[in-house]
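Hi,

Here is the structure I promised to pass on to you.

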Amino acid sequence: MKLVLELIVVLGAIVMGTRSSGVALGLWGGAGVAVLVFVFGEDVGSPPVDALLIILSVVLASSMMQAAGGIDWMVTIAADLIAKRPKQITLIAPLVSFLFSVGAGTSNILYPLLPVIYDASYRNGIRPSRPLSLSVVATGVALACSPVSAAMAAMVTLTDVAPYDFELIDIIMITFPAAVIGIVASSIVVNRLGKDIEDDPEIQARIASGAIAAPSAAGANKVELKASNEGRNAALIFLLGVAAIVVFGLFKEIRPEAADGSPMGMTPIIEMIMFVVGTLILLVSRPNVADVPTMSVFKAGMVSAIALFGLAWLTDTFISAHLELITSTVGDWVNAWPWIFALGVFLVCVLTTSQSTATRTIVPIGLAAGLAPGLLTGMWAGAFAGIYLLPTNGSQIAAANFDESGSTKLGTKLVDHSFFVPTLVLAATTIAAGSVIGLLLG
């Protein structure tokens, strides 16, 4: 009975936090910890200090890059790549959005790309909802492949410890190819969704009324993007920092030695590299430091950190109190039906729209249940698409607003929006590919 009541507290905190969203996730998580400790007498769990420190260092460096114009420069490069092969935009746009989200460690880079994707697709007679929807969803799984995302910070601090010793590079070797396979496979399906422009009566009615130009004449409002030398330098410094993290992950022998003589773990290395990156951007590109806290990346990162703090602390307190039961009971379920773990991550992503929160909430349960780290990682990546199952995310709303043709819809019944099928397809294909790769490599 005590276990059931505590589980109700945990789930209740997640639901209440989700209803308010943002920093409320962290507040309700922290309040749930207080209930478990003061009401039920459980020992307080460990807050995710290492993950929070990684997030803070990454957010600081990436916000410095954004303040210097680095994200604007990256967007211009991405736009050029998309424009070079407009007929394959349903594949190219999601892949480019994915790659740049991996490099930047945030899906916020997608916002300025949305009008570019719409413009390039519509002018070439391609239904805009196809590349727009999949591009949005692709940025979700991208955060499972980025060395500098908040979700990866949460994952590394859980797996890069004994007895798992599953490091950053081990994770990326599974998640990156799985996500690319998932995006390619999903683009084949998504490219068949909805009617073509010439066969869609709603779009043709808009053209006939003069609300929008016909595709062949739609180039007048082509989106112009800005870039600067300072932004270019800031972006290159940041991307070199990301590359350095990958190199240190690949080659343990080049890492500094820890006190016991073993190679230093990746957690402090990521933090140090990000501080160096931020300092170099400050010296080379000279952004206005006062602008850094106003950057969208900084705000989103701080919200993620607060949400992660509260909910991860709550989850750790609950799991630590019932570890033996979880290992013996839930472990049997997960080992018999591993997809239950993927479903758990997917559903928490749906409810919280936070991949880092889903990671700290469900991954410890999967590890405690005895799920192999490789298989767990493969399923974890694909389940990230779940944040777009419901049409409540900012990038979904933005994509629908940028689509002047009206083909990208938010729907009225939660399941009739343009992102629903791409979310399910990308989740399923990435989980399947990730499971196979995880079993082979893990």
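Let me start with helices α8 and α16, which pass each other in a right-handed crossing. Please keep in mind throughout that this is a predicted model. Helix α8 covers residues 150–159 and helix α16 covers residues 355–368; their axes come within 8 Å and cross at roughly 20°. With an angle under 35 degrees counting as roughly parallel, α8 is therefore roughly parallel to α16. On the α8 side, the residues that meet α16 are Ala 150, Ala 151, Ala 154, Met 155, Thr 157, Leu 158 and Thr 159. Facing them from α16 are Gln 355, Ser 356, Thr 359, Arg 360, Val 363, Pro 364 and Leu 367. Sorted by class, this contact of α8 with α16 holds eight nonpolar, five polar and one charged residues.

Helix α8 has another partner to look at, helix α3 (residues 49–67), and here the axes are 8 Å apart and the packing angle is about 150°. Angles over 145 degrees count as roughly antiparallel, so α3 and α8 are roughly antiparallel to each other. Their crossing is right-handed. From α3, the contact uses Asp 50, Ala 51, Ile 54 and Ile 55, while α8 brings Ala 150, Ala 153, Ala 154 and Thr 157. That gives six nonpolar residues, one polar and one charged in the contact of α3 with α8.

The residues in contact are Arg 130, Ser 133, Leu 134, Ala 138 and Val 141 from α7, with Ala 179, Ile 183, Ser 186, Ser 187 and Val 190 from α9. By class, they are six nonpolar, three polar and one charged.

Now for the interior. In soluble globular proteins, nonpolar side chains tend to be buried together. The largest nonpolar core in this model has 116 residues, and those with the most contacts inside it are Phe 98, Met 274, Phe 341, Val 345 and Trp 380. Leaving out residues up to four places away in sequence, Phe 98 touches Ala 138, Val 141, Ala 142, Cys 145, Phe 176, Ala 179, Val 180 and Ile 183. There is also a second, separate core of 15 residues, with Ile 14, Leu 25, Ala 307 and Leu 314 among them.

Which loop holds Lys 252? Lys 252 lies in the one between α11 (229–250) and α12 (266–284), and with 41% relative accessibility Lys 252 counts as partly exposed. Setting aside neighbours within four places in sequence, Lys 252 is in contact with Glu 167 and Pro 263.

Leu 323 has 42% relative accessibility and so counts as partly exposed. A separation of 7.2 Å is found between the C-alpha atoms of Leu 323 and Ala 368, which are 45 residues apart along the chain.

Best wishes

How values were computed. Residues are numbered from 1 along each chain as its sequence is written. This is a predicted model: local features need pLDDT of at least 70, side-chain atom pairs count only at pLDDT 80 or more; totals for chains, interfaces and linings use all residues. Side-chain values use heavy atoms; hydrogens and water are left out. Contact means heavy atoms within 4.5 Å. Helices (H or I, at least four residues) and strands (E, at least two) are DSSP runs, numbered from the N terminus. Ala, Val, Leu, Ile, Met, Phe, Trp, Tyr, Cys and Pro count as nonpolar, Asp, Glu, Lys and Arg as charged, and the others, Gly among them, as polar. A nonpolar core is a set of buried Ala, Val, Leu, Ile, Met, Phe, Trp, Tyr and Cys residues joined through side-chain atoms within 4.5 Å. Buried means under 20% relative accessible area, exposed over 50%, partly exposed in between (1.4 Å probe, protein chains only). Axes are lines fitted to C-alpha atoms, for helices over the stretch in contact, and angles run from 0 to 180 degrees between N-to-C directions. Angles under 35 degrees count as roughly parallel, over 145 as roughly antiparallel, 65 to 115 as roughly perpendicular and the rest as oblique. A crossing is left-handed if the near helix is turned anticlockwise from the far one by less than a right angle, and right-handed if clockwise.
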